[in-house]
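Q: Before we look at any particular feature, could you show me the model that we are going to read together?

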Amino acid sequence: MTTRRVFSGIQPTADSFHLGNYLGAVRQWVDLQASRDAIYCVVDLHAITVPYDPEQLRRRTRVAAAQLFAAGLDPDRCILFVQSQVPEHTELNWVLGCLTGFGEANRMTQFKDKSSKGGADQASVGLFTYPVLQAADILLYQADEVPVGEDQRQHLELSRNLAQRYNHRFGPTFTVPAPYILPAVSKITDLQDPTSKMSKSSSAPAGIIDLLDEPAAIRRKINRAVTDADSVVRADDEAKPGVTNLLRIFSALSGDPIDEIAARYGDGGYGGFKKDLGELVVETFTPIRERTHQYLADPDALDAMLADGARRARVIAGETMAAVRDRCGFPAHP
Ligand code: TRP
């Protein structure tokens, strides 16, 4: 049996990935390199579906790539590249867009959520067709599996439908990708508002731990994390969402089951528990932060790594696109 191929993407929309991104995506990407043929992408084209600043995007794309390498993505064991460096993504996007029903795109709940903030009239057509570009990302590489969070399930369903529709109309061309929904570890919530997701767009800085935070900031944020009025360390999503979130983080980083951690701290108050959790996060993030800064200190070397990733990605994407052009009735590229 051949090794299954995974493809996933992450947007460069913040100055750093945060703990939720790390546990929900980045760490799983690193693990999947061992068992899969892994291709990962910093999706800068998706990042321009909302108003943005070009210099900031340029910087964030580099920081995102540096953090992914620093966290353990290894160019000898995976391909990591930047989406805009492989023009086949936008080309396939057009073809797939012409196969997507307007009503079908209009049913995407993430578009409704995102566009309802500024009013649908303010939203761009790019935001509307975002899931079509995502389908192009996935189908270009003939991915078998797509590791994503639960919130991407509907987009994955569209990718599957488009692959099947294309294959049916034009002949077998694309692998139909399966979602690989990442474990609920990704349910990391805001430290200040533990009933909402830790999110770069909605959380205040005190509610988020960034992968690039200095140790003092990490310790402070965990010490000040919202808990509750009693002092028992135990998991209870309803009554104790703050403590439960901290337990989840502790368990994800240590590998110890939540019950065992809860039993260890019991009713001894939150101080020691938070202190140990702070150290655990610092221990995990410090080497990644240091390696990230090393990558960023040598932008030419980082750009060369990304250029190499893009070249390798393009070999695969180019093969798929040549078949697509032919089946669509376009002349071959000269
Ligand atoms: N929409 C994804 C997210 O927000 C990011 C993404 C873009 C992606 N293209 C992809 C994920 C392709 C998986 C595969 O998380």
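Q: Among contacts in the chain between residues at least 6 apart in sequence, what percentage join residues at least 24 apart?

A: A contact here means heavy atoms within 4.5 Å. Among contacts between residues at least 6 apart in sequence, 75% join residues at least 24 apart. Please keep in mind that this is a predicted model, in which local features need pLDDT of at least 70 and side-chain atom pairs count only at pLDDT 80 or more, whereas totals for chains, interfaces and linings use all residues. Residues are numbered from 1 along each chain as its sequence is written, and side-chain values use heavy atoms, with hydrogens and water left out.

Q: How does the radius of gyration of the chain agree with that of a compact globule?

A: The radius is taken over C-alpha atoms, and the globule rule is 2.2 Å times the number of residues to the power 0.38. For 334 residues a compact globule would have a radius of gyration near 20 Å, and the chain has 21 Å, which agrees. Along the principal axes, the C-alpha atoms fill a box of roughly 70 × 45 × 45 Å.

Q: Which residues are around the ligand?

A: A residue is near a molecule if one of its heavy atoms lies within 4 Å of it. Around the ligand are Phe7, Ser8, Gly9, Val43, His46, Tyr130, Gln134, Asp137, Ile138, Val146, Val148 and Gln152.

Q: Which element gives the most to the shell around the ligand?

A: Helices (H or I, at least four residues) and strands (E, at least two) are DSSP runs, numbered from the N terminus. Helix H8 gives the most to the shell, with four residues, and the elements that give two or more are strand S1 (5–10), helix H8 (130–140) and strand S4 (145–148).

Q: Is Arg291 buried, exposed or partly exposed?

A: Buried means under 20% relative accessible area, exposed over 50%, and partly exposed in between, with a 1.4 Å probe and protein chains only. Arg291, found in helix H13 (residues 271–297), counts as partly exposed because its relative accessibility is 36%.
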